[in-house]
Amino acid sequence: MSDAKYQSIAEKYQKFVMPTYAPQLLLVRGEGSWVWDSAGNRYLDFGTGISVCNLGHCHPAVTKATQQQAGMLVHVSNLYMNEKQAVLAEKLVRHCFDGVAFFANSGAEANEGLIKFARKWGSDKGKDQIITMKDSFHGRTLATLAATGRSKYRKGFAPDMPGFSQVPFNDFDALAAAVTDQTAAILLEPVQGEGGIIPADTEYLKKVRALCDEKGILLLFDEVQCGMGRTGYFFAFKGYGVEPDAVSIAKALGNGFPIGAFIVRREHAETLTVGTHASTFGGTPLACATACAVIDAIHNENILANCIKMGHFFKTELEKMAEKYACIKSVRCRGLMIGVQLDGNGGDLLPLLLKQGMIALSAGEDVLRLMPPLNLSEEEAEQGLKILEKVFSEISA
Ligand SMILES: Cc1ncc(COP(=O)(O)O)c(C=O)c1O
């Protein structure tokens, strides 16, 4: 693409797109683990659109399913059945726990559903409070913002929606002390993403489950970022052996096609009944056909096994780098959800990595967040590690 064309697109952004982001790079094509910019430069994508393109860009089977469905039936209202929604619901439930699914379009919308589910469940029990975690992230709508522990996102949007309080993550005593007779639910990410790739401790999650059972409280997991295989398990909670009462997913469910969902245990299947919750675009044939192809590919291509194998590889290699380079304070990995805690701002590394041909992310204040495609090859992993090492050595020099 010519410089003039790039300039004209950048000008249109400036003039016509609301400046809630500040993008510089213009991406034009993606294939597998790679994306290309308007100048023809190629980048190894270790951000995957923030854990969305978990199967890489333009995965052939997923693209084919979307194309086929687009020529058959794109949208019908939920006033009618569509085959793909039924098939997808069954596939998800079989990976989750016995229950029922509701389809939405994004992570925030899936979490709104979780919150509404908890409030409806608690409405005849005098329970309307939800406890969430400090440093958590649940979305940008008003309810999910109120649930979000990272208070900077709420600035300027007061008043907060009532009914939420936050406690420190992985601190069971603080959580137990915050529970009251009005507590309807505890909502948490099994692995905090935006907060800095912070996994829950297994013992903590087990105690939280027991507390919920003892006090009659719903346990809700937000797996929008850590779900869909990212941790090496289809749902991150499977790796902990702790089941929630309901769980939300989105991001990688459509590998780039917008779709979100929440699933509640069968015993709660009648909490949200006809007319109590809806979404025009939730669960369209097009979105569901795409998501079905994503789930089939996870199976057919041994994606989870590759994720675990590559996750170990990154952990080992990054820990070796941590011994060599003082800028690395710690390495946190759960499958291919990788956080490198730095002696400085995580975001500062991103332009340096970009210059070397890698797209990555930051998280929290001081974490470099790496979320490569789950079907990354060994060769690509090695290429990525080389780039990372180059940049770590550069900033350590
Ligand atoms: C854990 C978690 N929940 C919810 C969301 C919100 O998802 P969306 O941006 O699709 O609304 C995100 C987005 O980053 C997330 O990481």
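## Helix α3 against helix α9

In this predicted model, Ala-61, Val-62, Ala-65, Thr-66, Gln-69 and Ala-70 of α3 meet Pro-285, Leu-286, Ala-289, Thr-290, Cys-292, Ala-293, Val-294 and Ala-297 of α9. By class, this contact has eleven nonpolar residues, three polar ones and no charged ones.

Helix α3 covers residues 60-70, and helix α9 covers residues 285-300. They pack at an angle of about 155°, and their axes are 8 Å apart. Angles over 145 degrees count as roughly antiparallel, so α3 is roughly antiparallel to α9. Their crossing is right-handed.

## Helix α4 against helix α9

Helix α9 also packs with α4. Here the angle is about 35°, and the axes lie 8 Å apart. The crossing of α4 and α9 is left-handed.

From α4, the contact takes Lys-84, Gln-85, Val-87, Leu-88 and Lys-91. From α9, it takes Pro-285, Cys-288, Ala-289, Ala-291, Cys-292 and Ile-295. Eight of these contact residues are nonpolar, one is polar and two are charged. Pro-285, Ala-289 and Cys-292 also belong to the contact of α9 with α3.

Strands of a sheet pair through backbone hydrogen bonds, either parallel or antiparallel.

Look at the β4 end. Strand β12 spans residues 260-265 and runs antiparallel to β4, with six bridges joining the two.

## The four-stranded sheet

A second open sheet has four strands, in the order β1-β2-β3-β15. Its pairing is mixed too. Why does each edge strand have a side without a neighbour? β1 and β15 (358-359) stand at the edges and each has a single partner strand, so one side of each is left without a neighbour in the sheet.

Start at β1 (residues 27-31) and β2 (residues 34-37). They run antiparallel and are joined by four bridges. Gly-30 stands opposite Val-35 of β2. The two strands form a hairpin with two residues between them. Gly-32, in the turn, has a positive phi of about 60°.

Now move on to β3 (residues 42-45). Three bridges join β3 to β2, and these strands run antiparallel. Val-35 stands opposite Tyr-43 in β3. Helix α12 packs on the sheet, touching β3 and β15. The direction of α12 makes about 100° with that of β3.

## Helix α10 against helix α12

Helix α12 (residues 378-396) also packs with helix α10 (residues 303-324). The angle is about 20°, and the axes are 11 Å apart. Angles under 35 degrees count as roughly parallel, so α10 is roughly parallel to α12. The crossing is right-handed.

On the α10 side, the contact uses Met-310, Phe-313, Phe-314, Glu-317 and Met-321. On the α12 side, it uses Ala-381, Leu-385, Glu-389 and Phe-392. Seven of these residues are nonpolar, none is polar and two are charged.

## Around the ligand

Which residues come nearest to the ligand? Of the 15 around it, they are Ser-106, Gly-107, Ala-108, Val-224 and Gln-225. Helix α5 (residues 107-122) gives the most to this shell, with three residues. By class, the shell has five nonpolar, seven polar and three charged residues.

## Two backbone details

Where is the cis peptide bond? It joins Ala-158 and Pro-159, with omega at about 0°. Pro-159 sits in the loop between α6 (142-147) and β6.

Ser-51 is not a glycine, yet it has a positive phi of about 55°. This serine lies in helix α2 (residues 48-51).

Note on methods. Residues numbered from 1 in each chain as written. Predicted model: local features only at pLDDT ≥ 70, side-chain atom pairs only at ≥ 80, totals over all residues. Pairing = 2+ DSSP bridges. Near = placed C-beta within 6 Å. Nonpolar A, V, L, I, M, F, W, Y, C, P; charged D, E, K, R; others polar. Axes fitted to C-alpha atoms, helices over the stretch in contact; angles between N-to-C directions. Parallel < 35°, antiparallel > 145°, perpendicular 65-115°, else oblique. Left-handed = near helix turned anticlockwise from the far one by under 90°. Contact = placed C-beta atoms within 7 Å.
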